[in-house]
Amino acid sequence: MKHNRISGFFAVLLCLIILFVFSFSTFAAESDRNGSLAVSFLIEDEYISDVTFNVYRVADENYQPVGAYTAYSVVLEDLLPDEFGPAATALAAFTVRDGIPADFSDITNEYGYVQFDGLQTGIYLVMGEMFTDGNTVYNPLPFLAMLPSYDTNGNAIYDITASPKYDMWQTDKKLERSVKKVWVEGNFENIRPAEITAQLLQNGSIADEVVLNEANGWSYSWSDLDPNFLWLVIEKTVPNDYAVSVEQQGTIFTVTNAYMITSGGHREPGNDTPPTLPNTGQLWWPVPILLFAGAVMLLIGVSLSRKSGKDA
């Protein structure tokens, strides 16, 4: 009987080892899997061809910035994909200002479609180039895409398609752009800098710089701008311990600085209410290891319990 119990124990242990190896290998295969990102560009239900789209890998699947984007204080953690907009606007301005080369670039075909294949997992910034049709200028708005994305059942999708929005204006009217500064600090407003510098970008080049502070209400406006150029606004230097995001609504760029604290190796807003949004990019590799270890400990505990009961 004792021999049978020992044999049974090792049989179960062997099964657990096989289960662990299978689970871990499956996870590794999914982590190394490449995907694709397609762009379908339409204006008023009409497919638009010959529009250039540039793709940049800005973060890995765990929301951590990669490459040149490690230099920018734009935090993606704890954001859901439909909340990526302000981060995308900020990253796009940094990208054109600092001349970061695209990882992939191509133009839409006659059906307004372009596809980028062989993409590793992560978060991608997609930027379409401005173009003119008659007296109208069209500018595809930048967006962020997560690869893989997830459906409502939590299933990973490695081949995704996006349809970007766009901005438009007329070439016979001068443009205006405004910047408004917003601070999100909770109980840490005492460390706010006295001023920051905002930059007006003309097709990526710095056209003007202005200082924003309490004296001017943390805001400024530019007028009489040439409509044949793309005008963006970005913060010159993000203050230490702050993250930046930029939301464009019409001609107004709202530049938000959120004070960040470090918690468990991650940066999160330093306000009174901790983030409650799920982090769908969390690390999953420890899960099979912990499950395996827990099962082994449970099996040992049951075995010892039976032994103690027999000795009693």
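What does the accessible surface of the protein chain come to, and what percentage of it belongs to carbon and sulfur atoms? In this predicted model, that surface comes to about 17400 Å², and carbon and sulfur atoms hold 54% of it.

## The chain as a whole

The protein chain has 312 residues, of which 37% count as buried. Its secondary structure consists of three helices and 22 strands. Among contacts between residues at least 6 apart in sequence, 69% join residues at least 24 apart.

## Lysine 181 and glutamate 235

Lysine 181 is part of strand 15, which covers residues 175-184. Its relative accessible area is 6%, under the 20% limit, so lysine 181 counts as buried. The side chains of lysine 181 and glutamate 235 form a salt bridge, with 3.1 Å from N to O. This pair links distant parts of the chain, since glutamate 235 belongs to strand 19 (residues 231-235) and the two residues are 54 apart. Glutamate 235 is buried, as is lysine 181.

Neighbours within four places in sequence set aside, lysine 181 is in contact with Glu235 and also with Ile196, Leu212, Trp218, Val255, Thr256 and Asn257.

## Other salt bridges

The count of salt bridges comes to five. Side chains of opposite charge can pair when their charged atoms come close.

One of these bridges joins the side chains of arginine 192 and glutamate 185, at 2.8 Å from N to O. Arginine 192 has a relative accessible area of 28% and is therefore partly exposed, whereas glutamate 185, at 4%, is buried. Another bridge joins the side chains of arginine 57 and glutamate 61, with an N to O distance of 4.0 Å. Here arginine 57 is buried, with a relative accessible area of 17%, while glutamate 61 is partly exposed at 34%.

## Asparagine 213

Asparagine 213 lies in strand 17, which covers residues 205-213. Is this residue buried or exposed? Its relative accessibility is 18%, which is under 20%, so asparagine 213 counts as buried.

A polar atom of the asparagine 213 side chain lies 3.1 Å from the backbone nitrogen of alanine 215. Beyond its neighbours within four places in sequence, asparagine 213 is in contact with Ala194, Glu195 and Trp218. Trp218 is also among the contacts of lysine 181.

Methods: Residues numbered from 1 in each chain as written. Predicted model: local features only at pLDDT ≥ 70, side-chain atom pairs only at ≥ 80, totals over all residues. Heavy atoms only, no water. Helix = DSSP H or I, 4+ residues; strand = E, 2+ residues; numbered from the N terminus. Buried < 20%, exposed > 50% of the residue type's maximum accessible area, 1.4 Å probe, protein only. Polar contact = N/O pair within 3.5 Å; in protein donor to acceptor, adjacent residues only side chain to side chain. Contact = heavy atoms within 4.5 Å. Areas by Shrake-Rupley, 256 points an atom, 1.4 Å probe, with all protein chains shown as cover.
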